[in-house]
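Subject: Structure handover

Hello,

Here is the structure I promised to pass on.

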Amino acid sequence: MKSYCVLLPLLFILSGCLATPIKPSPHQMDEIRTMLVVPVEPPPLEVTPDPIESRFPVYNQFQYQSIPSSVYLKKTVYKNPGGVLIAGLLSKDDDMMPIANIHQTPASMEKIAGLEPTASLSENWTPTFTLAQEAVSQLNGDRIKAILSKHYYHLPMASGDRNANLDNWRSAIEQWYNLNISSVDYRRHGLEQVDAVLEVGIQTYRIFNAQTSLQVLIKLIDPNTRQVIGRISAKTLSVEDSPESLLNNEAERFKWLVADMGAHLVSEGLSDLGLPVKAPVDRLTP
């Protein structure tokens, strides 16, 4: 049974200071027939308690020893066997959890100011790509033709800040969301000729014990003026399984849960902006 909940505000205190919503005018909405949907670079997953407690039960004994934890533990962004990027602790014996490469894009790939090719992160499971695909599916209909971008919005962060310090990611996401003028000139770079650009990002993205919380951020942009004509956020919480059960078996259960929660949040956000959407398709539990 699904147990999504939006009545536990204390769990969203750390969502940050987001700008006020913007709703497009009816005239602006009437002009939209084609739309480019762009995923935004997401933060790593935050998990409490840290999964190292289940991988290495002896970790709890280390806390009572006088040896500095830095000798045997490192806080970093790593990739679990399912490709989910997690900000957390690794021990020197964590051979199955490689440190994530989130700093470099191959020189052979086409780069656009403010954007990076989605193919550069093909080895990682990236939740905003899943949500962008969902937005395309919900928007495509008789009135609007939606196109999934081949690029994603690259958060304005220094390479050294793309680490396990989640405050860095929250600040960068807030900076992107709060801008009233897009930092990307979609028209100049010869991307698909569209009437509007929809950027889809996430802010709150965590598992706290058996509670998974997610916040979806959506921006609607006029590609001709770069003006943000729509901005909305939606959040929810699901009381499902423990972090261990969600992230086991290549994290299939977790991926399904985020996709399912995200589909409903995308639908809510698009509807609040006044866009015609189709209801999200119910997914079979893995």
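The notes below go from the whole chain to single residues.

**Ground rules**

This is a predicted model, so local features need pLDDT of at least 70 and side-chain atom pairs count only at pLDDT 80 or more, while totals for chains, interfaces and linings use all residues. Residues are numbered from 1 along each chain as its sequence is written, and side-chain values use heavy atoms, with hydrogens and water left out.

**The chain as a whole**

The chain has 286 residues, and 50% of them count as buried. Buried means under 20% relative accessible area, exposed means over 50%, and partly exposed lies in between (1.4 Å probe, protein chains only). The secondary structure comes to 6 helices and 11 strands. Both are DSSP runs numbered from the N terminus: helices are H or I with at least four residues, strands are E with at least two.

Now the contacts, meaning heavy atoms within 4.5 Å. Take those between residues at least 6 apart in sequence: 72% of them join residues at least 24 apart.

The accessible surface is about 13,700 Å². Carbon and sulfur atoms hold 53% of that surface. These areas come from the Shrake-Rupley method with a 1.4 Å probe; for residues, only the protein chains shown count as cover.

**The cavity**

Rolling a probe the size of a water molecule over the atoms shows where empty space is left. A cavity is a set of points, on a 1 Å grid over the protein atoms alone, where a 1.4 Å probe fits but cannot get out; lining residues have an atom within 4 Å of a point. The search of the whole structure finds 1 cavity of 30 Å³ or more. The space in the largest cavity is about 100 Å³. Volume here is the space filled by probe spheres set on the points, with grid points joined across faces, edges and corners.

Which residues lie nearest the centre of the largest cavity? They are Pro43, Glu46, Arg170, Gln203 and Tyr205, out of 12 lining residues. Helix H5 (166-178) and strand S9 (196-208) each supply at least two residues of the lining. By type, the lining divides into 7 nonpolar, 2 polar and 3 charged residues. Nonpolar covers Ala, Val, Leu, Ile, Met, Phe, Trp, Tyr, Cys and Pro; charged covers Asp, Glu, Lys and Arg; the others, Gly among them, are polar.

**Salt bridges**

A salt bridge is a side-chain nitrogen of Lys or Arg within 4 Å of a carboxyl oxygen of Asp or Glu. The whole structure has 7 of them.

Start with Arg170. Its side chain meets that of Glu46 in a salt bridge (3.1 Å, N to O). Arg170 lies in helix H5 and Glu46 in strand S3 (residues 45-48), so the pair ties together parts that are 124 residues apart in sequence. Arg170 also forms a salt bridge with Asp167 (2.9 Å, N to O). Those two both sit in helix H5, 3 residues apart, about one turn of the helix. Arg170 is buried, at 16% relative accessible area, whereas Asp167 is partly exposed, at 48%.

Next is Arg253, which pairs with Asp241 at 3.3 Å between the closest N and O atoms. Arg253 is in helix H6 (residues 243-273), while Asp241 is in the loop between strand S11 (228-239) and H6, 12 residues apart. Is each one buried or partly exposed? Arg253 is buried at 18% relative accessibility; Asp241 is partly exposed at 28%. Elsewhere, salt bridges that share partners join Glu46, Asp167, Arg170 and Arg206 into one network.

**Single residues to look at**

- Thr76 is in strand S4 (residues 73-79) and is buried, at 10% relative accessible area. Leaving out residues up to four places away in sequence, Thr76 touches Ile86, Ala87, Gly88, Leu90, Ile99 and Ala164.
- Pro49 lies in the loop between S3 and helix H2 (52-55).
- Asn209 has phi near 55°, a positive value in a residue other than glycine. Asn209 is in the loop between S9 and strand S10 (211-221) and is partly exposed, at 40%.
- Asn249 also has a positive phi, near 55°. Asn249 is in helix H6 and is exposed, at 69% relative accessibility.

Best wishes

Technical notes:
1 Å grid on protein atoms, 1.4 Å probe; cavity = no way out; pocket = protein on both sides within 12 Å on 5 of 7 lines; lining within 4 Å.
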